[in-house]
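Work through these exercises with the model open. Try each task before reading its solution.

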Amino acid sequence: MARIRKILSSYSLIGLIRYLRIRLMGKELLVTGSCRCCGNCCRKINLQGAQGWLRSVKDFKEVVADYPEYERFQIIGKDDQGYLQLSCSWLDAAGLCRDHENRFSLCKNFPDKTLHFCGGALPSGCGYRISEVRPFSRYLADEVKGQRKK
Ligand code: SF4
Ligand code: SF4
């Protein structure tokens, strides 16, 4: 039961469909590209709390109570999935982080693959790409199998 609750809080409906599709097709996620420093990922942020992706002001307040440093985020609305979207007050007018050295790990790790499973998409203009690909190990296994048949 706890496992089911964890899955439901980690995936939106679209995200769950993506997850199942990847599992069924034996694929994995691959992140490619590089940052163009456009700052768009700091303007529309989905945040995850202990109970999953934040959906309400109450959810956000609970996170800030535990992590006061998250006060820098401001709610700007909701996305198509019904998840809160936030912007960061640490972004300066030039679109750069005011404290790049001390930014959160969620900022350093962007784009995290979990974004794909909350049904989200990369911000427009982002230099990264998240793709569903067949793992190299499967190509290798096919090649070995083909060699054995010869
Ligand atoms: S802390 Fe910096 S990198 Fe992280 S969201 Fe805010 S402006 Fe962006
Ligand atoms: S949206 Fe993508 S390219 Fe723009 S700052 Fe964020 S990671 Fe870099």
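**Exercise 1.** Find what share of the contacts with a separation of 6 or more joins residues 24 or more positions apart.

*Solution.* Start with the term: two residues are in contact if their C-beta atoms, placed from the backbone, lie within 7 Å. Keep the contacts with a separation of 6 or more; residues 24 or more positions apart account for 67% of them. The model is predicted: local features need pLDDT of at least 70, side-chain atom pairs count only at pLDDT 80 or more, and totals for chains, interfaces and linings use all residues. Residues are numbered from 1 along each chain as its sequence is written, while chains are lettered from A and ligands numbered from 1 in the order in which they are written.

**Exercise 2.** List the order of the elements from the N terminus on.

*Solution.* Take helices (H or I, at least four residues) and strands (E, at least two) as DSSP runs, numbered from the N terminus. The protein has six helices and six strands. Their order is α-α-β-β-β-α-β-β-α-α-β-α.

**Exercise 3.** Check the span of helix α2 (residues 13–24).

*Solution.* The expected span is 1.5 Å times one less than the number of residues. Helix α2 has 12 residues, so it should span 16 Å; its end C-alpha atoms are 16 Å apart, which agrees. Next, look past the helix: Gly26 follows α2, with a positive phi near 65°.

**Exercise 4.** How many of the 14 residues of α6 are buried?

*Solution.* Count a residue as buried if 20 or more other C-beta atoms, placed from the backbone, lie within 10 Å of its own. In α6 the count is zero, and the helix is hardly covered. Across the protein, 12% of the 150 residues are buried.

**Exercise 5.** Which residues have the most contacts inside the largest nonpolar core?

*Solution.* Such a core is a set of buried Ala, Val, Leu, Ile, Met, Phe, Trp, Tyr and Cys residues joined through C-beta atoms within 7 Å. The largest has 13 residues, and Trp53, Leu54, Tyr83, Leu84 and Cys118 have the most contacts inside it. Strand β5 (residues 84–88) gives the most to this core, three residues. Now follow Tyr83: leaving aside neighbours within four places in sequence, its contacts include Trp53, Leu54 and Cys118.

**Exercise 6.** Name the residues around ligand 1.

*Solution.* Take residues whose C-beta atom, placed from the backbone, lies within 6 Å of the ligand. They are Cys42, Cys88, Trp90, Leu91, Cys97, Arg103, Phe104 and Cys107.
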